[in-house]
Each structure stands twice: as C-alpha cells, then as structure tokens.
Amino acid sequence: MRIVPLAPATLMIVAFFLVPIIWAIYTSMTNLGLSGYAARNPAFIGFENYYYLFTDPRTWAALGRTAVFVGLSVAGQNIVGFCIAYVRQMATPAIQSLASVIVITAWVVPEVVAGFLWYTFLRGDESGMNQIFDIFGFAHQQWLLTAPLAAVIVINIWRGCAFSMLVYSAALQDVSSEVLEAAEIDGAGRMQSIFGVILPIIRPVIAINVVLTTLNTLGVFGIIWITTAGGPGTRSETLPLLMYNQAYDFGLIGYGSSIAVLLLGFGVIASLIYVRLFKVGEARNG
Amino acid sequence: MANLAKAKTRDRLAADIALTFVAIAFVVPMVWMVLAAFDAEATLAIQLPAHWSLTNFGAILTEDVAIRPFMNSVIISAGTSCLVVILALFAGYPLSRYRLRYGKQYIYTIVFASALPITAIMVPIYVMFVHIGLVDTLAGVIVFRTAAELPFAVWLMKGFMDAIPTDLEEAAWTEGASRMEGVAYIVVPLLAPGIATIFILSFIENWGNFFVPFILLQSRDNYPMAVSLYSFFGEYGEAMYGQLAAFALLYTAPTLLVYFLIQKPLQKGGLRLGGAVKA
C-alpha cells in the first residue's frame, strides 16, 4: 500500500522511457518506413540497418562532428563558465550582476530564438557581425557557410555558459577563504592558487558538471537545425540531425531508429558515469 | 598593507574590464531582436529604428499568427507543469517518508533517466504515438513532456520533502489526522516554495522546448510558439524581419519574466551541486 502513490509516476516513466527504448531497438531491426508499403508491412531484417549504418561514410563523418561538437562545446562552456565565475567574485557588484543577468539571459532564451538570433547575426553582408567587422576594417565573413561547425559550437557555448557559471559560482563559495589566504602567505601566485588549490578542491564539481554538460550537448538539435540545418551539404550534420534526416526526410524510420540507438548508447554510458559520480557525491555529503 | 590594498583595487579593475567585455560579447547577438522588433523597416543590420513603432506587434497579433500559438504554448506548458507537480508530489512522499526496500535504487534509476538525451527517443515515441493515435494532438505533447520532466521533478521533490521535519506530521497524527490529511494540511503548505520551483522550472523547460512538438505535431493549428516561430521564419524570414523579431520577443518575454522572478530561490536551492538542473 505504501508504494501506491509511486505508481502513476513510475508508469509514466516506464511507458515513455523504457518502452520507447525497447521499441527503438526492435524498430532498428526492421525496414519500417514513414509512409507507403514499408509503413504498413515492416519486415524484420536483423542487423541490416546497422550494417549500412557502420559502412556509410556519412555516419562516420557525423560521429566525428558530434565528437568535435560535444568536446569543444563542453570544454568551452566549462572553461568560460569557470572564468566568469572566478572573475565575478572580484568585480564591482553592479558590473557583477549586469554581466550575470546578460549571460543568464542567453541561457534562458528559448532554443528557437537563440538559433534565430545567431542566424540573423551571422548571415549575409549586412549582418550584425559584419557591421562590427566594418568598424575594425576586417573582411566580411559568412561563417554559417564557410565554418558551419565552428559557428554552431560558438553558439552552443554562448547558450550553455550560464549553467556552468552558476555551478562554479556555487562551488567557489564553498572554497574556504582561509585555505586561499594560507596559499597566498606561502607565496602562491594567482595561477598557482587556481591550479594548485581551487581546482583540486572543486574537482568533484568539475567532474559532475563536465558529464552533465556532455549529456546536454549530446542531444542538441534545434540550434543547429535552425542556423545551418546541418549544412551546407552535411558539413555541420551531427548524430541527432543525421537521425532526423534519415527518419523524416528519407522516410526511413527503421534506419533512423538504428541511429537513435547509437545516440542512446552514448547517452547511457555518460548517464551511468553521472549516476556513479552522483553516488560518490551523496556518500561524501552523508 | 598599502600594497595589498593597491593590489585589490587593481584586481577589481581588471575584473570589471573583463566582465564588461564578457557582457558585451554575450549581449551583442541579442541587441538586434530588441531593436528590430520596434522598427517597421527592420533589416538584418543592427540599427536604431528611424521611427520607433509597435507596427510589427500589431501585424503579428492576429489569431493565426501569434495568438493561437501563444495559447497552445500556454496549454502545453501549464498542462505539463501541473501534471508533473501532482505526480511528483505523489511519488516524492513515499520516497521521502518510508524506508523502501528499493528506495535507493529507485532514486538512482530516475537520476539516470533524467540525464538521458530525450532527442534520442523521439523517433520511437513518434512511431508509438502514431499507433495509439496521440500524434498531432496537444494531449500527446503534454503526456510525453510530462514523462520527460518527471524523473528530475520526482528527485527534486523528494529532496524538498526531506527538508521538512516529520515531527509536525506526527503531531497531527496523534491529534487524529490521517496520512492524507497530514499531507494536505501540513506537508503541502510547507512545501509551497519547492512546488513553485518545480512548476516554474518545468514551465520554462516546456515553453522553450522545440524538438518534441516539432516531431509530434503536424497541423498548424496545434503549433506552439516554438514551432510556429520556426515555420514563420521559413516562410517569411527573408522579407519580414521586424515581425519576426517581434514574434521572437513576444515568445521570449514570459520566460525571462518568470526566470528573473525566481532567480534568487533557484540559485539557493536547485543549483547547489549535486543538484542537476537541466541546461
């Protein structure tokens, strides 16, 4: 009786997490289509989709881009987020809050709006960025066309920094000032105090935040879809976009599901690491 | 000492300059939207409107363009957040108050689920919803969004409940109150700030979500703001920048309003780590 109130939430989670995951694995072994004959009469084809998936250069290209996108986004968000959090402590309160509000706004703005803002900012000769380049006398750039992957990474860092900043701000407050003063008396410079004292102390927070930002970046679809749509060609196509294109543009639901399973596999690994770190943190905090 | 004071002033100045630079870099891509929204002749360039006007807002505030999508967004976000809070309240209570045999494992499982990328299960969800007739319905979006938010919400709710001492409830039981009455008259009122936090977090998340309605909805009448902004952009993007900016601003405003209202309690509660707020 005591666990009855748990039932509705548990049922929802099972029905919409566990069942779809199993369904995805099953569907990935069929030739299910979005419409037409293959939509009504899907046939079981074993691992054929996976065979095509892993022999298609487009998959490997997308995997590589996903690694670059996730790696650089996570590094950028964590480094910039930490730096802002660190510098923020020393700044004048008014400037402190102004900068925080602006950085947080970039994070709270809906995904479609963020994508749309950057699209207008980067696109065309009269875009905001080229206006700024005019002031400094730089040549005009069309990064959405010439460096699409770099562009979406910058956009994603811009959008995600606030989260890391908030996390690291909280962590920095927990570093006792006595430890820092002791380091200063021992003659430690700024860099020594950051790398020798602060970072080791907040290492558990860094670990968990890196995993969390990785998980959040793995599924990013909207901002890429809106700014470059994975293009030009496939030059900024990451796994989620490849999945969408195969499943909906080409109508290959079965094949798209095999990409979903691959993406899910990475998610499961990262999520298991996350739970592991979560347990460690729980044990430490008692 | 004089040297130390000087060093502190120098640090502060350097920090101020660095933060100002950060602020400018982060705000520049947003400036255009605010200016263009009030400029009937807006282009892609960042420029002060020659004539400030509400023309763009007037043009989009019609039933078809912005009002229906706005209402759809409200229905999806409010509906989901209500369901999430109620279900999390039910689930959080036994997890917080009883020593359940698999309680710990349950928590680890939902923490695990809360971190999975939802993007990856949208294809099977779509196929499932076609089978059970939930595709292209607001109810379908609400049901799935609820499931997607639940693991994190249940975990948060348990945490908030753990912070409420059990003595008050026990005192009520000795006075003859039932468990349900204890929950309704003692736990829920004390839990109000936590419930509000979960509701608002879920609301913001759903208001901003694009992928789920983008996959599950097909008819224009069902589009929330996220999807209709996207399709408006695709159809008229090259011509009506001002209206587009106004639409985007209208869509963004509620999130900003709500977020900055609750920012203080959020920073105190949700973001202390291991708190796992979704980015």
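A: Helix α6 of chain A covers residues 111-122, and at 1.5 Å a residue these 12 residues should span 16 Å, which agrees with the 17 Å between its end C-alpha atoms. The expected span is 1.5 Å times one less than the number of residues, while helices (H or I, at least four residues) and strands (E, at least two) are DSSP runs numbered from the N terminus. This is a predicted model, in which local features need pLDDT of at least 70 and side-chain atom pairs count only at pLDDT 80 or more, whereas totals for chains, interfaces and linings use all residues. Residues are numbered from 1 along each chain as its sequence is written, and chains are lettered from A and ligands numbered from 1 in the order in which they are written.

A residue is buried if 20 or more other C-beta atoms lie within 10 Å of its own, exposed if 12 or fewer do, and partly exposed in between, with C-beta atoms placed from the backbone. Among the buried residues of α6(A) are E111(A), G115(A), W118(A) and Y119(A). After the helix comes G124(A), whose phi is positive, near 85°.

Elsewhere in chain A, the loop between α13 (222-227) and α14 (239-249) holds A229(A) and P232(A). A229(A) has a positive phi, near 55°, although the residue is not a glycine, and A229(A) counts as partly exposed because 14 C-beta neighbours lie inside 10 Å. P232(A) is joined to G231(A) by a cis peptide bond, with omega about -5°.

UniProt, in an unreviewed entry, places the feature "domain: ABC transmembrane type-1" at residues 63-274 of chain A; positions are given in the numbering used here, feature names are shortened, and annotations may be inferred rather than shown by experiment. In the model that span is 80% helix and 0% strand, with its end C-alpha atoms 22 Å apart. The unreviewed UniProt entry also places the feature "transmembrane region" at several stretches of chain A, including residues 67-87 and 252-275. Residues 67-87 of chain A are 100% helix and 0% strand, with end C-alpha atoms 30 Å apart, while residues 252-275 of chain A are 96% helix and 0% strand, with end C-alpha atoms 34 Å apart.

Turning to chain B, the model shows 11 helices and 0 strands. A compact globule of 279 residues would have a radius of gyration near 19 Å, but chain B has 24 Å; the radius is taken over C-alpha atoms, and the globule rule is 2.2 Å times the number of residues to the power 0.38. Of those 279 residues in chain B, 46% count as buried.

Where does F144(B) sit? F144(B) belongs to helix α6 of chain B, residues 138-162, and is buried because 27 other C-beta atoms lie within 10 Å. Leaving aside residues up to four places away in sequence, F144(B) touches F16(A), I125(B), V212(B) and L216(B), where contact requires C-beta atoms, placed from the backbone, to lie within 7 Å. In the loop between α5 and α6 of chain B lies D136(B), which has a positive phi near 60° without being a glycine.

The contact between the chains takes 74 residues from chain B and 81 residues from chain A. On the chain B side, the largest share, 16 residues, comes from α1(B). By class, this side of chain B has 60 nonpolar, 9 polar and 5 charged residues; here Ala, Val, Leu, Ile, Met, Phe, Trp, Tyr, Cys and Pro count as nonpolar, Asp, Glu, Lys and Arg as charged, and the others, Gly among them, as polar.

Methods: Contact = placed C-beta atoms within 7 Å.
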